[in-house]
Amino acid sequence: MRLRNRTLLAFLLSCAALIPHTTHADSAPPGGGPEGPFTGFGTPFPKKGEAIVRFKQAAFRKANANLKQRFGNRTPSKNALWRELATLIGMRISQPVSGSSFVVKGTSINSSRLRSGVLKGFVSRVEPNYKVNAFAEPSDFFYRLGLLWGLNNTGANGSSKNVDVDAIEAWGMSQGSSDLVVAVIDTGVSLNHPDLVDNIWRNPQEIPNNNLDDDKNGFIDDFFGYDFVNNAPSPNDQMFHGTHCAGIIAAKNNNNRGIAGVAPNVKIMPLRVLNARGEGDVAGVMKAIRYAIDARKRGVNLRVINASLGGGDRVAGFEELLREANQVGIVFVAAAGNESNDNDTKPTYPANFESPNVISVAAIDKFGQLASFSNFGERSVDVAAPGVGIWSTFLFGFYLPFDGTSMAAPFVSGVAALMLSERPNLTPAQVISIIKSSSKRISGLEGAMVSPGIVSAERALRSL
Ligand code: CA
């Protein structure tokens, strides 16, 4: 009884946080491009007191020189260096995001203050650290019948038979490779959910809970992934959203419980960037992508990132990171967003980034109609997937249905994972091209996306 109440409470809290997704209403207009010697923006910071800056080498030299003056030849800690970098531009705190990009914080941060840092020659780029949100909505609880229609639509309850991703047919060809890893950049994943526990990635070079960075990747005890919200090892879900997405991708099948994912043999790497209210920021997402790229470079067969989130405007440092992910063969699947917007004219990020490994996914219902909340875009949204009344894994070993482009993107991540299990040499652009060309056309979606149809696992695998 107590557990049930807690679940209900968690659920109600999460609903309240998610309903109004106001990506664009809250964000500043595009900043007007390059300005003087740096790329910056003239409007207030969307996330109060924070920005993502790229330090020049001169800043590192100056910071190191200052520390040497103070501490002599004693090697200063990384934290001391980061603090010193922040101090150079009048900020209090800085934390590395990727390469020489840091997120900086200060009580009185504003663009003119940072501009003075730029003018001192320490910073080559300043960009806002936008807020990002999960793209899910609570589903209509009275509309549950025809439960797993996204995998296999039987036409029950008046729905449209075959408006589904053809998972049953695909599983005859592939259920995914057990060493293929999909990173879920989200609220974390419920690590002990019985339908997920066997499919959570484990870092083979890390010993859990020994308080050491065994594999020397800069993260202590990152055995199951990482929690970038708390800078802590365990990416356990405190909302439900990442758990729900993970189940759509890779819940275990044939275990006589719950549901099955599209790619039921692949592994999930949970990278937690959204808190218990489904909120985070661009810097956190960038840190997680950096982690995924580095894992790939270190030999983890990580080929897909699922990003059922978004918010803010174009951040050049983010797009650069996506291009680096493309270079190492990682497909980036992004939810198109839930504002009923045309992404051609009102872009949603990261879905609208133009890196060749980005695929943007709209949500449809079991009748094959674009979900009322789903963003669309004849040029900017690629394809559709099931996103209304989607049952998947929840906290405490439970299952619940949700709506959102957040739920649609993981279907595509699952299909990409099946394809890359069978044909590891495919580039991200090839994977995306096949997913689009093999989708099942739905006439009502014409004009709403590049490939107006529902993604099909079966047809994608047959096209390899
Ligand atoms: Ca480590």
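What percentage of the 464 residues of the protein chain count as buried? The figure is 54%, where a residue is buried if 20 or more other C-beta atoms lie within 10 Å of its own, exposed if 12 or fewer and partly exposed in between, with C-beta atoms placed from the backbone.

Before I go on, this is a predicted model: local features need pLDDT of at least 70, side-chain atom pairs count only at pLDDT 80 or more, and totals for chains, interfaces and linings use all residues. Numbering starts from 1 along each chain as its sequence is written.

The protein chain has twelve helices and 21 strands; these are DSSP runs, H or I of at least four residues for helices and E of at least two for strands, numbered from the N terminus. Taking contacts between residues at least 6 apart in sequence, 72% join residues at least 24 apart. A contact here requires C-beta atoms, placed from the backbone, within 7 Å.

Now the core. The largest nonpolar core has 131 residues, and Val333, Val361, Ala362, Val412 and Val415 touch the most other members. By nonpolar core I mean a set of buried Ala, Val, Leu, Ile, Met, Phe, Trp, Tyr and Cys residues joined through C-beta atoms within 7 Å. Helix H10, residues 405–422, supplies the largest share of this core, eleven residues.

Staying with Val333, its contacts beyond four places in sequence include Val304, Ile305, Ile359, Val361, Ala409 and Val412. Ile432 lies 99 residues from Val333 in sequence, but the C-alpha to C-alpha distance is 9.4 Å. Ile432 sits in helix H11, residues 428–437, and is buried, with 24 other C-beta atoms within 10 Å.

Next, a helix pair. H8 (residues 282–297) and H9 (residues 316–327) pack at about 20°, with axes 10 Å apart; axes are lines fitted to C-alpha atoms, for helices over the stretch in contact, and angles run from 0 to 180 degrees between N-to-C directions. That makes H8 roughly parallel to H9, a term for angles under 35 degrees, with over 145 roughly antiparallel, 65 to 115 roughly perpendicular and the rest oblique. On the H8 side, Val282, Met286, Ile289, Arg290 and Ile293 meet Gly317, Phe318, Leu321, Glu324 and Ala325 of H9.

Last, helix H7, residues 241–250. Ten of its ten residues are buried, so H7 is largely enclosed by the rest of the structure. Among them are His241, His244 and Cys245.

Technical notes:
Two residues are in contact if their C-beta atoms, placed from the backbone, lie within 7 Å.
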